[in-house]
Amino acid sequence: MSVVFKGTIGTGTVSATFSSDYSNRDADSLTAQYVSIPGPGSEVDATVIVPGGAGTVRVSAPRRGRVVVAVETGHSDESGRLVVCLNDVEQDAGVVEGWTEWSYAAVEEQ
Amino acid sequence: MTSRLPVALVTVAALLVSSHAAAQPPQTTERGQQCLAALAALVPERANGANDERDPCFALANQLFDLSMGSAEKRAEASMTGADVARRGIAAGLAGTVAQSSAVPAVMPAGVAAGTIAAVGTNGGQDALAAISINPAVWFIADTATRALAKASRVADVTLLIPVSGITMTPSDEAPEAKSLRYFGARVRLNFHGLSAGDAVWTTVRNELRRDIERQGQSVEAIERVLTTTSDVTACATALHDGPSAEVEEACGASVDLRVDELGRQRLRNALAQARRLADAKYFGLDLRFDSGDPTLGAVADSRGTYLFAGLAMGRRFGGATDAAPSPNSTGVQLRLGVRHAKLDGVAAADFAVDAGAGLEFVRSVGDDEVTVTAGVEGRWSRDAEALAERLQTNMAVARLSLSLPLTAGHAVSVSTSLPLSGDVSPTMSVSFNWALLLPGKRQ
């Protein structure tokens, strides 16, 4: 289990794509969560990705808040490539293994 | 008029300031610097990085929450027991051959490629058969596949079947130059149900995700509140990171409940696991087979011909876990129904037969792999060819039993046997070695 705060990110549409490794033994889940701070307001998206496949989730983060992108693999040694974009512009990308959470502080442009 | 202008400008400026203040919590530059310093002290590799200066105390609050969350999840991970139901073991398809390695063959396609070598014994002797399954989509789609393409990549695979103990027939006295393949088979598996997990499961997942992120938001907000009011940001942040609650209250001037809702996280984890399991636990698809030559590998005389089969197959696994407790055991049902067209060499008329099977599977997860026992009944019936029933292998029913044991990750050995219940068919026994991951792939 890896929980990593990746820093601040602008507001807009946050999308995350996970490309599961072909060698993974079972399906993986990919989720995206957003909550407005202060509340209220939240949005979530989730999908399941089979080995060798890829999936994308999206949440709209229109205001200051917290965004969490998470990959849950069935087994701790399963891996894949996670790419996070804001308004279709890549913000972070990397190979992840096991359950991984990347969080962001969504901040409005000043 | 001129005297009113400065007043208007001041009013507009005041409005701008107040609207900005509404969007951002009141935070002096000095406080922001203190938060940046605390952030750098807490996570040195973050110093001067990742645009934290855009809202330093908010970034620090998120960082503190994630450190707390990471510790809680590590504890939860350490206490987790049991295993998810493993994905159905996917072997190259020997279905329909005398070396069939499961009681009722499934139509789950291989991820990239899979291979099987089977030794089989029948009334006609012993033989060996090889099968290689290739997922054609995976070879043609890029790593940046869209979701639609990713689904398509799991839809189909193509299997080639050849005997490996003697590929060609011995030339006969009548036609010494003729050397034809003893047997050749091809199979296409199409699975239309790979990614569906059911609306109810997704509703649960989304509800749990929403509850989870709203709780996270409340915690981050509470942390930020004390960070913006405390007299010593670094001391408060340090106490929030690893100090007991009394220390937090002393350093921050207020108490903050940083406890992660572990029960809620467990519910979320279980809901996600359930969605993953259901995506892997069922299939519904098309099974297409073409066989040329003698599919009985000599068990039945004069059964050379061409055979075409088209059928539907479905399967579903149950159990494996509940919301409360994961379990390594699961059971499943497998069904198939189709029509076979057969044309024997030297026989003018073709034969149509109904081909059906039903079976149960019992699965026990062992670490990351699974032991599978399948038992079932298969049969084939035709009204038109009573006299050719033995050559066509129709009007018969067989009971099948199969045991699959994992060898290493992605590799398994299967022992299968079939016993005739009715009709003139040979009993069989086969031992198969399955490579479910012929070409494992890692993305970089």
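Modeller: The accessible surface of chain A comes to about 3,000 Å², and carbon and sulfur atoms hold 42% of that area. These values are computed from a predicted model. Chain A has nine strands and zero helices, and 74% of its 110 residues count as buried. Among the contacts of chain A with a separation of 6 or more, 70% are between residues 24 or more positions apart. One cysteine of this chain, A:C85, has a relative accessible area of 15% and is therefore buried, the cut-off being under 20%.

I turn now to the bonded cysteines. A disulfide is a covalent bond between the sulfur atoms of two cysteines. Over all chains, the search of the whole structure finds two disulfides. One of them joins B:C35 to B:C57, with the sulfur atoms 1.8 Å apart.

The sulfur atoms of B:C236 and B:C252 lie 2.0 Å apart and form a disulfide. Here too the pair links distant parts of the chain, with B:C236 in helix α7 (residues 233-242) of chain B and B:C252 in helix α8 (residues 245-252) of chain B, 16 residues apart. A torsion of about 105 degrees about the S-S bond of B:C236 and B:C252 makes this disulfide right-handed. B:C236 counts as buried because its relative accessibility is 0%, and B:C252 is buried with a relative accessible area of 4%. When the bonded cysteines of chain B are numbered in sequence order, the pairing reads 1-2, 3-4.

B:Q216 lies in helix α6 (residues 199-229) of chain B and, at 1% relative accessibility, counts as buried. Its side chain makes a polar contact of 2.8 Å with the side chain of B:D212. Leaving aside neighbours within four places in sequence, B:Q216 is in contact with A:Q33, A:R66 and A:V68 in chain A, and with B:F65, B:M69 and B:R265 in chain B.

Methods:
Residues numbered from 1 in each chain as written. Chains lettered and ligands numbered in written order. Predicted model: local features only at pLDDT ≥ 70, side-chain atom pairs only at ≥ 80, totals over all residues. Heavy atoms only, no water. Helix = DSSP H or I, 4+ residues; strand = E, 2+ residues; numbered from the N terminus. Buried < 20%, exposed > 50% of the residue type's maximum accessible area, 1.4 Å probe, protein only. Contact = heavy atoms within 4.5 Å. Areas by Shrake-Rupley, 256 points an atom, 1.4 Å probe, with all protein chains shown as cover. Polar contact = N/O pair within 3.5 Å; in protein donor to acceptor, adjacent residues only side chain to side chain. Disulfide = S-S within 2.5 Å.
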